[in-house]
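Please keep the sequence and the structure in view while reading.

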Amino acid sequence: MTAYLAARYGAALCDSDVELRPLEGGLCSDVALVTARLRDGGRRRRIALVAKLVQGVTAREAAVYRRLATSVARSFSPELLGAQRLGRRRWLLYLEQIVPAHRWPWTDSAPTAQVLERLARLHREATQGASLPAWDHDAERLAAARGTLILAERLRPGEVPALARALPALRRVVVALPAMRRQLLAFQPLGSATIHGDVHPGNVMIRHRGGITEPVLLDWARARVGSPLEDVSSWLQALGYWEPEARRRHDTLLAGYLVARGLAPVLTRPLRDAYWFAAASNVLAGALGHQLSMASRPGASPKARAAATRNATDWLRVIRRADACWR
């Protein structure tokens, strides 16, 4: 890293001039804030950026960021400052440091709607979706869904009380998932588009730059061509868990997204059905399985199990809604 930064910035640099501070939040990647003191002749200057190690299945994020740099999506993401290849399917990404204008949880509801407006622009204008790195996400999602069902059926009675009511719906939704996905992607007038693929409060920051306050989307490893409702439902469902006001304003926020797409703000039955199919798709991509695993993990603290149980209960509610729409 020291050698790379010295070459990039054309300044003298030694290991003691570089400091790393791990950043929380990355489940699949190692992320750190990098500060470096550059020596350029008699002058010294300080730079700060984010280094992210991606490898294995997450290595496609390196290619995604390079594609973003040539599309409208570059204004929605941190700037890719450089990429250092460390081996096959192993990259170290150097990204712009985003200094948040609002710390989470947000006290102002305006940024919540701004995120949906940004997503609407991404879905409407990012035309480079076909050039994103190949990824059979539907096959991976279906495998994750089946694994989630196996885990749910193996849990002891009472470990996640909501399962007693939701398990029949979970079985039906897992079986119907491929057909749900086909109906979702065929839903008009939204159709398919380039989507971020993992929109939740941990992947959104609000930055202030050039007199403008705007949302920035982080972690683009799951960017792909899909239904815009996958992004929208991911944002609204995750936000509703943390922010009761967002849950109360759910329909208003969803209608606001439609307006931003130039559509009538009418929540028709077909739209609601497609929305819940998208939400269930997100849940079965790994979120529910992770929470069920945490809720039943031996040795986990009572606090951790309780939090996982609450999360799993929330996601099972989504499964029941999708099942009701499908039936």
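The axes of helix H6 (residues 228-242) and helix H8 (residues 250-260) approach within 11 Å and cross at roughly 150°. H6 is therefore roughly antiparallel to H8; angles over 145 degrees receive that description, those under 35 count as roughly parallel, 65 to 115 as roughly perpendicular and the rest as oblique. Axes here are lines fitted to C-alpha atoms, for helices over the stretch in contact, and angles run from 0 to 180 degrees between N-to-C directions. Helices (H or I, at least four residues) and strands (E, at least two) are DSSP runs, numbered from the N terminus.

This is a predicted model, in which local features need pLDDT of at least 70 and side-chain atom pairs count only at pLDDT 80 or more, whereas totals for chains, interfaces and linings use all residues. Residues are numbered from 1 along each chain as its sequence is written, and side-chain values use heavy atoms, with hydrogens and water left out.

The crossing of H6 and H8 is right-handed; a crossing has this hand if the near helix is turned clockwise from the far one by less than a right angle, and is left-handed if anticlockwise. From H6, Pro228, Val232, Leu236 and Gln237 meet His250, Leu253, Leu254 and Tyr257 of H8, where contact means heavy atoms within 4.5 Å. This contact has six nonpolar, two polar and no charged residues. In that classification Ala, Val, Leu, Ile, Met, Phe, Trp, Tyr, Cys and Pro count as nonpolar, Asp, Glu, Lys and Arg as charged, and the others, Gly among them, as polar.

Which residues of H8 are buried? They are His250, Leu253, Leu254, Ala255, Tyr257 and Leu258, buried being under 20% relative accessible area, exposed over 50% and partly exposed in between (1.4 Å probe, protein chains only). Their cover includes helix H3 (110-125), H6, helix H7 (244-248) and H9. After H8 comes Gly262, with a positive phi near 80°.

H9 also meets another helix. The axes of helix H5 (residues 163-186) and helix H9 (residues 269-295) come within 9 Å and cross at roughly 125°, which means that H5 is oblique to H9. This crossing of H5 and H9 is left-handed. Among the residues making the contact are Leu170, Val173, Val174 and Leu177 of H5, and Phe277, Ala278, Ser281 and Leu284 of H9. By class, the contact of H5 with H9 comprises 14 nonpolar residues, two polar and one charged.

Turning to a loop, Asn203 is placed between strand E6 (193-195) and strand E7 (204-209). Asn203 is buried, at 3% relative accessibility. Apart from neighbours within four places in sequence, Asn203 contacts His196, Asp198, Val216, Leu217, Leu218 and Asp219.

How many aromatic pairs does the structure hold? There are three; rings of Phe, Tyr and Trp (its six-membered ring) pair if their centres lie within 6.5 Å, and planes under 30 degrees apart count as stacked, over 60 as edge-to-face and the rest as tilted. The ring centres of Tyr4 and Tyr94 are 4.6 Å apart and their planes lie at 10°, so this pair is stacked. Because Tyr4 belongs to helix H1 (residues 2-9) and Tyr94 to strand E5 (residues 90-96), the pair ties together parts 90 residues apart in sequence. Tyr4 is partly exposed, at 22% relative accessibility, whereas Tyr94 is buried, at 1%. The rings of Tyr275 and Trp276 have centres 5.1 Å apart and planes at 85°, so that pair is edge-to-face. Both Tyr275 and Trp276 are buried.
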